[in-house]
Amino acid sequence: MRWLSYGPNALLFHFAERPSEAAFLKGRAIVRDLETNPAPGVVDFVPGFTSILILFSPALVPDPRRHALEWIARLKSATSASLPPPETRLVPVRYDGPDLERVAERAKLSVQQTIEAHSGAIYRVYTLGFAPGFAYLGDLDPRLHTPRLATPRPRVPAGSVGIGGEHTGVYPLETAGGWNLIGRTSLRLFDPDRAEASRDPRNAFLLKSGDRVRFVPQ
Amino acid sequence: MKTSANPNDVCYVVDPGMGAHLQDLGRPGLSRFGVPRGGPMDPHAAGWANQLLGNPPDSPVLELLLQGAKIAALRPVWAAVTGARANANVPLWRVVRMDADDMITFGASQSGVWTYIAIEGGFVDEPVLGSVATSPRVRLGRSLRRGAVIRAAADSRFSLPQGVAGRMAPSKEQRDYRNPPPLRVWPGPDWDAFPSTARSAFLHQPWTISSRSDRSGYRLEGKPLPSTPKPGLSEPVLIGTVQVPEDGRPIVTLNDGPTVGGYPRLALVDQADLPWLTQCRSGQTVRFQGTA
């Protein structure tokens, strides 16, 4: 496992060379470990596709580099063996997005085949980012890989299902966005009221790193 | 406007100017869900506004963009205004007394971008994910529009002795944003992926703040960096990271920006120097300096 300093207060650990089922399970095990056994002095952590960032409190951990080797030992020993299997979330989708036909044409598929290709796979939530609850899902059928729009739309409605490069995902709230929109779900991926009701911010997010997702055509 | 319905109603937004939002220290610890930390763009100035009044550092303050705001008091209250200069009708960086119907007004912007108003005990609002901080891009918090009423904490009234009246920040803390020092940068995770020509060009040329800059990120204009590495998978991005898209024009990711990104991460602006950057207006230039 490689590690790097990311400024004076953060360490970045690379746990995989490229995204894969093994990388996904490793990332999930690390996140579970950090959530279940919070380490003193850690103020935030962020998994990416192949790396995890750990941000330290400068007051409690003045020089995180000195602890890099301990952290590598800890992250290496994180294993998914004892974890329950990942949850599979079903996301109902109406495939009627404004870019669906263009995505199909580019893939040299009919619209129906495109819908079948997109909804036929079980995706992995590798990471969340861009906006609260925005999950980067892989691995997308290579035929559906579609470059992001050259000019992002200023407003993409909440629930829009899109394709950005080699990933697919759902916009949890109305934001600007450059992904190709192929459909829409009525499911609320980000609902802060659920967090307030339970006093646990994690409950605001329907999808979490380590989950699996399947899209169900409506 | 003169009769206040709730005894905790403390201020009234007569005019939000170019933007008025409440900020506390934001939502740290939720980056893995895609929630940006948010919070004040200039924690130095916001921190002084609170400190002058003896407030805890996480007390919500009012963050104003550039110019034009008019904020009225609904009852007597101690306040402090810090940060960007925009022809305010009260002195900055010191405690001021407001009586009912007094109004703090801002005219044309002079220097800096972000101005802060704190009141004794802090403002309050309904928290979302544990914070009242406003991140407009991701629709967290609320924009304060004309006519909005802001509340004070219930027990804050008259909690300060009269002696606070003259309290002011030391002059060296009253920053002049027209002349930022060189900003210290750390190597980013992808520093080694950039050719030395690009790293050297980044550190040795002046960069101009683009008008396409906001709470999510400031874009830098200058001679584009040569041979920028290709974008890759989405990996974690810290606030203050200098990311470089393929066009070679750096973007500094800021408080409301994405928590992961695919552009190579060239450098990280030191947290202590970041407020100097965020207080730069479009057209102002900055230089970077490597940390030893």
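Visitor: How many salt bridges does the rule find across the interface of domain 1 and domain 2 of chain B?
Guide: The rule finds 1 salt bridge there, meaning a side-chain nitrogen of Lys or Arg within 4 Å of a carboxyl oxygen of Asp or Glu. This is a predicted model, where local features need pLDDT of at least 70, side-chain atom pairs count only at pLDDT 80 or more, and totals for chains, interfaces and linings use all residues. Residues are numbered from 1 along each chain as its sequence is written, chains are lettered from A, and side-chain values use heavy atoms, without hydrogens and water.

Visitor: Which residue forms a salt bridge with B:E63?
Guide: B:R215 does, and the closest N and O atoms are 2.7 Å apart.

Visitor: Where are the two domains of chain B?
Guide: Domain 1 covers 9-173 and domain 2 covers 183-290; the bounds come from an automatic or database domain assignment. Their C-alpha centres lie 28 Å apart.

Visitor: How many residues does the contact take from each domain?
Guide: Domain 1 of chain B gives 27 residues and domain 2 of chain B gives 17, with contact meaning heavy atoms within 4.5 Å.

Visitor: And what is the area buried between them?
Guide: About 1500 Å², with 49% of that from carbon and sulfur atoms. Buried area is the accessible area (1.4 Å probe) that two parts lose on being put together, summed over both.
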